[in-house]
Amino acid sequence: MKVLWLFAHPDRRSLSGSLMTEGLRTLDAHGHRHRVSDLYAMKWNPVVDAADYAHAPADRLLVGEASERAYHRGHLSPDIRAEQEKLTWADTVIVQFPLWWYGMPALLKGWFDRVFVKGFAFGLTDPATGRPRRYGDGKLTGKRAMVITTAGARAATLGPRGVNGDLNDLLFPLQHGTLWYTGISVVPPLLIPSADRATPATYATAATRLRDRLLTPPPLPFRHQNGPDYDADLLLHPTPTRPPGPAAHYTAPPPPAHP
């Protein structure tokens, strides 16, 4: 795998930072390549403004038009271009952050605001059909993403009947409205609950869960929606493939029985 690890926590000495270190060590040990965007360490600028697009400050800023024009003309600011290059290189994206106020830190939201510009991540049209390429289709199709999030809440409170709401509902804007919208297939998130009460034993369990998820990624069930290989049935009945890495004992489950 070629992994872009997108990390948004202000302290690398945190539980989140320790898990990222373990994850990168695991990738290295099994021959996978990775690049890291540690947004706090980079002092990433999360604010969209005219300077991102070499846009004249005196003119009205229409973000969609200005960003698309700057992308195609090569006028995007260097920090945005660098992150787009990392994303283009990667086939897998890890998005790791602490769950703050039911969402991602503002710094991470600003990364998506500035990097996922029109023309690069969305706003594409299929020339054969005239249909917009989105929700599983687009320039980023073929990549997968996994969210890793730490939360102070206990696991049961982030489940389907939990007082805090189901985790997948909380992550819907990111997983569906951003990643899947731009063509990236999303695998189930990894939640590390009770993060502010972690002990060495609970950390060891979390690290094991992380290693298992990194080394046995599920197959990509989705196909290019407007392409010749698209098969809607694969959305419900994907055919497992042997995952990359050293998990040689992976056995594909039998196909589903049809009446």
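In this predicted model, helices, of at least four residues, and strands, of at least two, are DSSP runs numbered from the N terminus.

**Exercise 1. Ser 14**

Task: Determine in which loop Ser 14 lies, whether Ser 14 counts as buried or exposed, and which backbone atom its side chain reaches.

Solution. Begin with the position: Ser 14 belongs to the loop between E1 and helix H1 (15–29). Next, take the cut-off, by which a residue is buried when its relative accessible area is under 20%. Ser 14 has 14% relative accessibility and therefore counts as buried. Finally, follow the side chain of Ser 14, which reaches the backbone nitrogen of Gly 17 at 3.1 Å.

**Exercise 2. Helix H4**

Task: Compare the span of H4 with the expected one, and find which of its residues are buried and what covers them.

Solution. The helix comprises residues 78–89, twelve in number, and from first to last C-alpha H4 reaches 17 Å, which is close to the 16 Å expected at 1.5 Å a residue. Turning to burial, the buried residues in H4 are Ile 80, Glu 83, Gln 84, Lys 86, Leu 87 and Trp 89. Their cover includes strands E1 (2–7), E2 (33–38) and E3 (92–98), together with helices H2 (39–42), H3 (63–73) and H5 (106–115). At Trp 89, one of these buried residues, the charged end of Arg 35 sits over the ring, 4.4 Å from its centre.

**Exercise 3. The largest nonpolar core**

Task: Identify the residues that touch the most other members of the largest nonpolar core, and the element that gives the largest share.

Solution. The core has 38 residues, of which Leu 39, Val 95, Phe 97, Leu 108, Trp 111, Phe 112 and Phe 116 touch the most other members. Among the elements that give two or more residues to this core are E1, H3, H4, E3 and H5, and the largest share, five residues, comes from H5.

**Exercise 4. An aromatic pair**

Task: Describe the geometry of the pair formed by Tyr 135 and Tyr 181 and classify the exposure of Tyr 135 and of Tyr 181.

Solution. The whole structure holds five aromatic pairs. In this one, the centres of Tyr 135 and Tyr 181 are 4.8 Å apart and the planes make 80°, an edge-to-face arrangement. The partners lie 46 residues apart, Tyr 135 in the loop between H5 and E4 and Tyr 181 in the loop between H7 and strand E5 (185–186). At 35% relative accessibility Tyr 135 is partly exposed, and Tyr 181, at 22%, is likewise partly exposed.

How values were computed:
Residues are numbered from 1 along each chain as its sequence is written. This is a predicted model: local features need pLDDT of at least 70, side-chain atom pairs count only at pLDDT 80 or more; totals for chains, interfaces and linings use all residues. Side-chain values use heavy atoms; hydrogens and water are left out. The expected span of a helix is 1.5 Å times one less than its number of residues. Buried means under 20% relative accessible area, exposed over 50%, partly exposed in between (1.4 Å probe, protein chains only). Contact means heavy atoms within 4.5 Å. A polar contact is a pair of N or O atoms within 3.5 Å; within protein, one must be able to donate a hydrogen and the other to accept it, and residues adjacent in sequence count only if both atoms are side-chain atoms. A nonpolar core is a set of buried Ala, Val, Leu, Ile, Met, Phe, Trp, Tyr and Cys residues joined through side-chain atoms within 4.5 Å. Rings of Phe, Tyr and Trp (its six-membered ring) pair if their centres lie within 6.5 Å; planes under 30 degrees apart count as stacked, over 60 as edge-to-face and the rest as tilted. A charge sits over a ring if NZ of Lys or CZ of Arg is within 6 Å of the ring centre and within 35 degrees of the ring normal.
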